[in-house]
Every structure is written in structure tokens, then in C-alpha cells.
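Have a look at the model first, then read on.

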Amino acid sequence: MEIPSNARAKFIQRCFALGFGVAMLTPAIAGCISNCRDEYDSQVEDCRNRYDDPDDADDLRRCIEDAKDEYDECAEECRS
């Protein structure tokens, strides 16, 4: 069974539009996630500066976990 040429053309147009939409969205998401990563790196550095004593290991761990949680939330917002 052969597909009519106008149906084939519409299918190709839809595929192209979908591909174009994804191509335009990908850099925006990547830029957003990059910003999240920069913020995460900054927060981790702050944690390390704040809790540089070995006695503060638990506080350092919690601080880094909080930064990771914030990164995950930020990245999820980028994807939505």
C-alpha cells in the first residue's frame, strides 16, 4: 500500500517541526542546567570554606547534601 504524496509531505513537515522544536529547546535547557551547576559548585565551595575543621565533617556533609538537593530541584525546573 502506497502512502499518498500529500500525507507523506505532511508527515515530513511534522517531523521537521518536531526536530526543529527539540533543537531550539536543547540549548536553553543546557544553559539552564549549566547555571544550576555553577550555583552548586559555588555552594559546595562555600560549604568547604565554612566547615574546614575535621570536627565539622557532619556539618560539611549536610551542607553538601543540601547543595545537591537544590541542584536537583533547579535541574528539574529546567526540564519542565
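**Notes on the disulfides**

1. Let me begin with one cysteine: Cys78 is buried at 9% relative accessibility, where buried means under 20% relative accessible area, exposed over 50%, and partly exposed in between (1.4 Å probe, protein chains only). This is a predicted model, with local features needing pLDDT of at least 70, side-chain atom pairs counting only at pLDDT 80 or more, and totals for chains, interfaces and linings using all residues. Residues are numbered from 1 along each chain as its sequence is written, and side-chain values use heavy atoms, with hydrogens and water left out.

2. Cys78 forms a disulfide with Cys32, sulfur atoms 1.9 Å apart (a disulfide being a pair of cysteine sulfur atoms within 2.5 Å). Cys32 sits in helix H1 (residues 5–50) and Cys78 in helix H2 (residues 57–79), so the bond ties together parts 46 residues apart in sequence. Helices here are DSSP runs (H or I, at least four residues), numbered from the N terminus. Cys32 is partly exposed, at 30%.

3. Next comes Cys36 with Cys74, also 1.9 Å between the sulfurs. The pair links helix H1 to helix H2 across 38 residues. Cys36 is buried at 2%, while Cys74 is partly exposed at 28%.

4. Cys47 is joined to Cys63, S to S 1.9 Å. Cys47 lies in helix H1 and Cys63 in helix H2, 16 residues apart. Cys47 is buried at 2%, and Cys63 is buried at 13%.

5. Now the overall picture: there are three disulfides, and counting bonded cysteines along the chain gives the pattern 1-6, 2-5, 3-4.

Note on methods:
Helix = DSSP H or I, 4+ residues; strand = E, 2+ residues; numbered from the N terminus.
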